[in-house]
Amino acid sequence: MRKSVIKVETVFQIILFIFLTTIILVTLLPFWNIFVISINNAQDTIRGGLYFWPRDLSFESYKTILMDREILNGAKVTVLRTVIGTPLSLLMISMLAYALSKRTLVGRKPITFMFIFTMFFGGGLIPYYMVLKSVHLIDTFWVYIIPNLMSVFYMILVRTFIEQLPKELEECAKMEGANDLQIFFKIILPLSKPILATVGLFIAIGHWNSWFDSYVFTYKPDLKTLQAVLVKILNQYQTSGMMSDQQQLADSAKRMAVSPDSLRMAATMVATIPIMIVYPFVQKHFAQGIMVGSIKE
Amino acid sequence: MKTQILPKFQNATRIEKKSKKLPLIKRVIEQKYLLLMALPAIIWVFIFSYAPMYGLYMGFVDYKPGGPFFSSFFTSEFVGFKWFSYFFESGDFFRIMRNTLATSFLSLIISFPAPLILAIAINEVNNRYFKKTVQTVSYLPHFISWVIVANIFLTLLSAEGLVNNILQGLHLIDEPILFFQEGKNFWGIIASANTWKDMGFNSIIYLAAIAGINPNMYEAAKVDGANRFQQILYVTLPALKPTIVILLILALGGILNAGFDQQYLMQNDMVLEYSDVIDTYTYRYGLQNGMFSYGAAVGFFKSIVAFILVVTANRVAKKIGDNSLF
């Protein structure tokens, strides 16, 4: 009897192991495949049939990508928007969150409603574009920063966290004559580090991954982000089947005779690797942040 | 130290209570810094959320670009519901709604149960390190941009890609499948891509719910002689039922959000008949073709229907949530 129980358990664990290993493979193999193509000799890649191992190891595509002016500039813009946008966004979100965490705040209910409502209803793309145009953000770097400053969902996460903080320190500071501004910067912000780290990482990843605003709201090539450059490369790949030979020839001459495929893969890897590097830190934090949100609901 | 704080604390709460009764102007002055801190966000929400809502009015006029946006409302000709009836009467309406709903429902069928199954499987694993590895790996695609995911899928599903290679290796097909040239495949591709990207991340909420199950329930089930499968069937799943129902209702509420990024980045002219959903349609007509008022009207239609669906879904979810609690 006991033996059969152990046997059933072992079989159960083996089935689980096979199932979950399949999930891991399905998740990771696509990345691996892209990586393999990116480190294979470009001329050799054209022959096709590259799956799990490079045939002819070469880092030429990376060299080309990392010397490409468009890619370099895209990376610069992306880093800039992430580095500038994230702290500004955190500041505005946490200031509002702190104000709304005060139960006695004048107009707390209508202000909260005003923000929550925007989670359910919006003007849509076209009027949004028109508004950006009329406040002169179209085709400027600030179109990446200012319209992305606020996120109601993250604000609620931060507010929930602030509401759970012990009130004693704050009251003490108030007795000492500190005003709300001082309390916010000297007490609330330092105490909120865990949630700010979580939300900050999410915002930063959002900045890094965002392509639509660059693609649609900017025209100058100097303002294109890395992801928008990738979209351009992707579009070239998709239309290459319909292009004339002449066009293709001109295109490949520009790209220094590196096959579009290897180049595309190398560009993809360049945009992916930074996420993979920060990912372990994010992973440590975010589960906790999501939990706070789900408890709230 | 504690005794020192306590009387002060009581004092403070008394002050707070008293401040509620003060006249409005005095309270505003007292809270000037708090209100000042909320001010940037309030200005922001008016410009970037409420001004576009007001801008929806352009769906009722024949908007011509040129001049300041809001003043041109008054100079443009009022056309009423012209753009709306244009949309409903054109053949596009049927096609767009079909694609939007088909993509959404197909995604729901595949990507809704997947995180649940994954969470239950992860929970049953005995080895802690394997558990952690599966979680870490499966969350990863959520953090990768759609541009990269589209790139990956276009590569994997190409005629010479990994998927065709594996299928041919297993002798399931003789000729490679041209995934992106047959419109009928497109809904399935989007549903698979959605599942691949967010299955792991969406399992977090189930894992959290499973962590909240009282361990005594499992002990009791074991005493009654339940095996692992029976424990899943009679303890885990019933305990997850409220979470499942609420998530399903909320997912149904968001049915019109069939996506934009995935369609826009993976579509081509050959599959446009099937790939065009409401958001890509609005973008193509409203911004690319410059039919601003028409695009705004279609967007307005979507916003209204989506709003009604989401509010209804929230109501229902709240009601069911309350019932399951007591």
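This report describes the interface of chain A and chain B and then the build of chain B.

The model is predicted: local features need pLDDT of at least 70, side-chain atom pairs count only at pLDDT 80 or more, and totals for chains, interfaces and linings use all residues. Residues are numbered from 1 along each chain as its sequence is written, chains are lettered from A and ligands numbered from 1 in the order in which they are written, and side-chain values use heavy atoms, with hydrogens and water left out.

**Interface**

Chain A contributes 95 residues to the contact and chain B contributes 97 residues, where contact means heavy atoms within 4.5 Å. Between them the two chains bury about 8900 Å², 79% of it on carbon and sulfur atoms. Buried area is the accessible area (1.4 Å probe) that two parts lose on being put together, summed over both.

Across this interface the rule finds 1 salt bridge, that is, a side-chain nitrogen of Lys or Arg within 4 Å of a carboxyl oxygen of Asp or Glu. B:Arg228 forms a salt bridge with A:Glu9, and their closest N and O atoms are 2.7 Å apart.

On the side of chain A that touches chain B, helix α1 (residues 2–38) of chain A supplies the largest share, 18 residues. Helices (H or I, at least four residues) and strands (E, at least two) are DSSP runs, numbered from the N terminus.

**Chain B**

Chain B has 17 helices and 2 strands. Of its 326 residues, 48% are buried, meaning under 20% relative accessible area, with exposed over 50% and partly exposed in between (1.4 Å probe, protein chains only).

An unreviewed UniProt entry lists residues 100–123 and 291–311 of chain B among those under "transmembrane region".

| Span of chain B | Helix | Strand | End C-alpha atoms apart |
|---|---|---|---|
| Residues 100–123 | 96% helix | 0% strand | 34 Å |
| Residues 291–311 | 95% helix | 0% strand | 30 Å |

B:Ile205 is in helix α11 (residues 186–211) of chain B. B:Ile205 counts as partly exposed because its relative accessibility is 29%. B:Ile205 and B:Ala119 are 86 residues apart in sequence, while their C-alpha atoms are 8.8 Å apart in space.

Notes: UniProt positions renumbered as here; feature names shortened; annotations may be inferred.
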